[in-house]
Amino acid sequence: MPPSIFAYSMLYPYTDNLLDDAEITADSKRKICTRLGLRLEGARVEPEGRRERDIYRLVAMIEGEYDRPGFPDVYHALLAIHRGQVRSLLQQDSGPIPDDDRILEISVEKGGASVLADGYLVAGKLSGREADFCFGFGAVLQLFDDLQDVTPDIEAGRWTLFSRNAHRLPLDGLASRLHRFLLNVLRSADRFRISAQPVLKDLIRRNCGFLLLQAVSQNQDLFDRSYLRRLEPHSPLRFGYLKSLRAVITPIIDRLSVRWRLAALR
């Protein structure tokens, strides 16, 4: 794995965890975001605390592989994710709940920019059509993530398209619309002229379909029973078993993930 890809894969779990930390005040989060924005623009910024120091080290790993004059789009995309993260603080604000359009805009911006940056870090440069696909696929993945985390988001008071609507109607319609959105994005993958394109496209379709089934299985109380009955035959495992399996595996994965991240940054 190239240093830049490793750094990018670590950067947003680190920053997301920091911004989701309920023990950090909103004012402190805004200051952290301001400093990180300057650092992503290339300014010399002194980190405050160990977590910021680790984050800036990851940015430096990307800079070590992609110089700013030669690959400006890499840093434009990283700054786009940062702007999305800053705006996502509205989703955990204690003030008035944003409306559906604003919440959807935040999720699409943050998710789309994240995979767009990934594309630039893999290829260095992208065509307009390739960048368009990466952005759309990133938006899809962010919405899948929002659906998967709907229950903890409700409990924590974080507003996504799904947590905002969970109290007033079953999520059947939103989940189905998300699946149609996925299929529309995958149609645009035809613009990639590579021999493995049909295989990769089918792999993404099947994996994302399973992500949807898994998210529904974890939040069955938020869906109509008839909807669950229609979906379950498409799952390789029964919904009840999927839910119990996740409860066993998640704590193990979390512990291994923490150990791996700490070891990688030493």
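1. Helix α1 crosses helix α2 with left-handed geometry (left-handed if the near helix is turned anticlockwise from the far one by less than a right angle, right-handed if clockwise). Helices are DSSP runs of H or I with at least four residues, numbered from the N terminus.

2. This is a predicted model, in which local features need pLDDT of at least 70 and side-chain atom pairs pLDDT 80 or more, while totals for chains, interfaces and linings use all residues. Residues are numbered from 1 along each chain as its sequence is written, and side-chain values use heavy atoms, without hydrogens and water.

3. α1 covers residues 3–20 and α2 residues 26–40; their axes lie 10 Å apart at an angle of about 155 degrees. Axes are lines fitted to C-alpha atoms over the stretch in contact, and angles run from 0 to 180 degrees between N-to-C directions. The two helices are therefore roughly antiparallel (over 145 degrees; 65 to 115 is roughly perpendicular, under 35 roughly parallel, the rest oblique).

4. On the α1 side, the contact (heavy atoms within 4.5 Å) involves Thr 15, Leu 18, Leu 19 and Asp 20, facing Lys 29, Ile 32, Cys 33 and Leu 36 of α2.

5. In the second pair, α5 (residues 100–123) and α6 (residues 128–148) have axes that come within 6 Å and cross at roughly 125 degrees. α5 and α6 are therefore oblique to each other, and the crossing is right-handed.

6. Residues in the α5–α6 contact include Gly 111, Gly 112 and Leu 116 of α5, and Phe 135, Gly 138 and Leu 141 of α6.
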